[in-house]
Structure formats: C-alpha cells, structure tokens
Amino acid sequence: MAKTIGFGILGGGIIAPFHAKAVRDSKGGKLVAVCDMARDRADKLAAEFKVKAYYSLDDMLKDPEIDVVNVALPNHLHRDAVLKCAAAGKHVLTEKPPAMTLKDTDEMVDACRKANVKFGCTVQCRVRKAVQAMRQAVQSGRFGKILHADTYMKWYRSTEYYQSDAWRMSRKSGAGVTVQHAFHYIDLLQYIVGPVRKVQARMTNIAHPSVQLEDTTLAFLDYECGAQGVVEASTALWPGTDIRIEINGTDGTAIMTGEKIAAWKFRDDRPEDAEIRNYGSGSQATGATGAADLGHADHAVVIQDMVDAINQNREVIIPVTSVRPTLEIVLAMYQSAARNQPVSLPVNDDDSVWDAKVG
Ligand SMILES: NC(=O)c1ccc[n+]([C@@H]2O[C@H](COP(=O)([O-])OP(=O)(O)OC[C@H]3O[C@@H](n4cnc5c(N)ncnc54)[C@H](O)[C@@H]3O)[C@@H](O)[C@H]2O)c1
C-alpha cells in the first residue's frame with residue numbers, strides 16, 4: 001500500500017503558501033511542518049495550515065514524519081539546505097534556480113544521489129499542457145526546421161518588492177530578473193527546443209534605480225539545432241502582461257501566452273489540433289503583475305509527482321539534472337553582459353559577474 005508522504009516547507013515567504021496548498025491538494029501527501037527563522041512567518045503559516053512550526057532546519061530534519069523538504073529559501077541559500085537534507089536522508093524539492101553556481105548544483109546532485117534521495121526542482125511551468133504539446137511537436141518534427149524560439153516576459157515588480165528583503169536587492173543572492181524571474185522561461189526554451197550553444201546578452205536597470213541589479217535583459221540565443229532566438233525579460237514594464245513563448249519552424253508556428261495556446265498552426269493539420277488550441281483556456285494567473293499573482297495548479301502537479309515517485313521508486317518528472325542546462329544558459333548570459341561579448345557554452349562559474357556594473 002502507498003505510504004503517506006510527509007512534507008516540510010523550508011522558508012515561509014512568498015512562495016511557501018503555494019507549496020502548502022499544493023501538498024494539501026495532493027493524493028497521498030501530507031503537510032507536516034513549515035520552517036522559517038523568522039518565527040512570526042513560521043507561526044503564521046503553521047497556524048493557517050494547522051501544522052507544526054520549526055525555526056531551524058536542523059530541528060525540522062529530526063522530525064521522523066517528514067520525508068520531503070521543499071526548499072523555498074532565497075536562491076543563494078539553497079545549496080547548504082539541500083546538502084543538509086540529503087545528509088539527513090530526506091528527499092528534496094528545491095525552488096528554482098537550484099543554486100547560484102554549476103559547482104554547487106553538481107555537489108547537490110551528487111549528495112542526493114549518494115544519499116539515495118529524490119532531488120526535484122519546481123520549474124513548474126514545464127507541466128503546462130501547452131508546453132507539453134509544444135515539446136511533443138518539436139520532438140515529432142512537426143515544426144520542420146526550427147527557425148526561431150523566443151520568450152517575452154514583460155512583467156512588473158515594484159521598487160517596494162525589491163526593497164522588502166536584503167536578498168532581493170543582491171545580484172549574488174540571485175535577485176536579478178534573469179536568474180530569478182526569467183529562469184522559468186529560459187528553462188522552457190531549452191526544455192522545448194533543446195540545448196543552447198551561444199548567448200549574447202545585455203542587462204540594464206531601467207526602472208528601479210534604487211536597487212543595483214538588472215531589471216531588464218535582452219539576449220540572443222543560438223540553439224544547437226540551428227535555430228536562433230530572443231529572450232526579452234523585464235520587471236520594469238507596468239502593469240505586466242502574460243509571458244509568451246514563440247516557436248517558428250519551416251512547417252509550423254506555436255505561441256503560448258501565459259499558459260494558453262495563442263497560435264497553433266502546422267502545415268500538416270491534425271484532428272487533435274482543435275483540442276490543443278484550447279489548452280490553457282480559463283487560465284490561472286502566471287505572475288505577470290506581482291510576485292503572488294499565481295495559481296498553485298502547476299506546483300500541485302510537481303508535488304503529486306514527488307509523492308508518486310517515492311511510492312513507485314522512480315525518478316521525479318523534473319530532476320535537478322534536467323535544470324542544470326538552464327542555469328548554465330543563465331550564467332552564460334551574465335558573463336556575456338558583464339564582458340559585453342557573446343559567450344559560447346559550456347561555461348565555467350565566474351563569480352565576478354555579480355559585481356559587474358548594471359547600466
Ligand atoms: N516557482 C516559482 O514560481 C517561484 C515564485 C517565487 C519564488 N520562487 C523561489 O522560491 C524561493 C523563495 O522565494 P520567496 O519569494 O518566497 O522568498 P521570501 O524572501 O519571500 O521567503 C524566503 C523565506 O526564507 C526565510 N529564511 C531565510 N533564511 C532562512 C534559514 N536559514 N532558515 C529558515 N528560514 C530562512 C526568510 O525568513 C523568508 O521568510 C526562491 O528560490 C525563489 O526563486 C519560485
């Protein structure tokens with residue numbers, strides 16, 4: 001019989017309630033505790049979901065009811081937490097990006113492998129039906145030769161959002177728009193279209209002069225398949241509109257807006273296309289206008305998968321190993337912007353990028 005899987009959420013900030021609701025809605029998952037070093041945050045969330053509150057990860061890791069830790073800490077703190085969870089034999093679901101360096105990511109993957117625990121990442125947009133349809137169309141060759149694969153993320157975040165916590169004002173902590181917000185959509189591009197071989201990026205701060213990080217990134221991508229693409233990502237563009245992913249090939253075009261299919265046209269029109277054109281109708285919000293302007297349906301799929309993966313003793317649907325290429329593209333973008341030149345992949349870590357001046 002399937003075992004009930006206990007979850008503990010580490011970090012009780014903006015994204016935590018989305019994890020909590022997703023666990024609550026799962027079949028076979030149970031929220032056991034939340035943990036935040038800010039006691040008021042831990043207490044508030046614990047009261048809301050009627051679970052235990054912890055104020056340190058070390059204490060939460062001693063709880064035998066917890067099988068999985070959802071790491072929802074600021075980006076630069078993921079590594080240490082994941083290593084501790086693995087050492088305690090807990091499965092881990094980390095928020096994106098998995099870490100701030102490739103070296104840390106590899107160390108975390110290695111630690112989880114050795115501890116024989118699952119290690120998933122919530123790049124939850126991958127589970128959208130529209131994304132799955134686009135990926136399948138690429139894999140079955142329906143686009144013909146892919147010519148363009150682009151993302152446009154024209155979002156808005158206020159200056160108060162950035163000033164709400166020290167880590168949100170620090171590039172090294174992972175607060176810039178590229179690694180923090182656009183990560184999801186750069187991830188979708190590499191997930192749908194495949195590896196990227198070269199990037200050229202420009203990063204600017206156009207609307208948040210009181211914080212020293214990029215609120216806007218414009219980048220060109222060259223994919224290994226021969227396609228080219230654009231990443232346009234900003235949190236400066238009030239009021240914020242839904243993201244777009246656009247794929248154009250010699251034989252077809254597909255566009256996703258938010259989570260909805262906005263265009264789906266192939267030379268070989270198929271009967272199932274009519275249904276695919278309705279994917280994402282009645283959409284949940286996807287984060288355009290504010291950090292909590294989200295639904296939890298995509299997180300729910302990732303959480304359910306973790307429950308099932310543990311019970312079925314199989315790999316999770318979004319292992320961190322599959323997200324490493326996204327981090328590498330993102331880091332290549334930072335290097336390109338800092339050096340003002342194109343950067344070919346693979347890249348090594350280069351921490352000096354965080355100190356680069358953003359114009
Ligand atoms: N998947 C998504 O769509 C999505 C959306 C938003 C944020 N995120 C990710 O979620 C993570 C958290 O983001 P957020 O916006 O919720 O941040 P946040 O700052 O609102 O919350 C982080 C919390 O962690 C707590 N904390 C910090 N250090 C701690 C420690 N050592 N022990 C215990 N608690 C500690 C803080 O007190 C804070 O409450 C980030 O990795 C971010 O990229 C993902």
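The C-alpha centres of domain 1 and domain 2 lie 25 Å apart. Please bear in mind that this is a predicted model. The domain assignment of the protein chain gives two stretches to each domain: 5–125 and 294–318 belong to domain 1, while 130–289 and 324–355 belong to domain 2.

How many residues of each domain take part in the contact between them? On the side of domain 1 there are 16 residues, and they are in contact with 21 residues of domain 2. Helix α5, residues 102–115, gives the most to the side of domain 1 that touches domain 2, contributing three residues. By class, that side of domain 1 comprises nine nonpolar, five polar and two charged residues.

Let me now turn to the helix pair. Helix α1 spans residues 16–24 and helix α11 spans residues 297–312. The two pack with their axes 8 Å apart, at an angle of about 55°. Because of that angle, α1 is oblique to α11. As for handedness, the crossing of α1 and α11 is right-handed.

Which residues meet where these helices pack? From α1 come Phe18, His19, Ala22 and Val23; from α11 come His299, Ala300 and Ile303. Sorted by class, the contact of α1 with α11 holds five nonpolar and two polar residues, and no charged ones.

Thank you for your attention.

Conventions. Residues numbered from 1 in each chain as written. Predicted model: local features only at pLDDT ≥ 70, side-chain atom pairs only at ≥ 80, totals over all residues. Axes fitted to C-alpha atoms, helices over the stretch in contact; angles between N-to-C directions. Helix = DSSP H or I, 4+ residues; strand = E, 2+ residues; numbered from the N terminus. Parallel < 35°, antiparallel > 145°, perpendicular 65-115°, else oblique. Left-handed = near helix turned anticlockwise from the far one by under 90°. Contact = placed C-beta atoms within 7 Å. Nonpolar A, V, L, I, M, F, W, Y, C, P; charged D, E, K, R; others polar. Domains from an automatic or database assignment.
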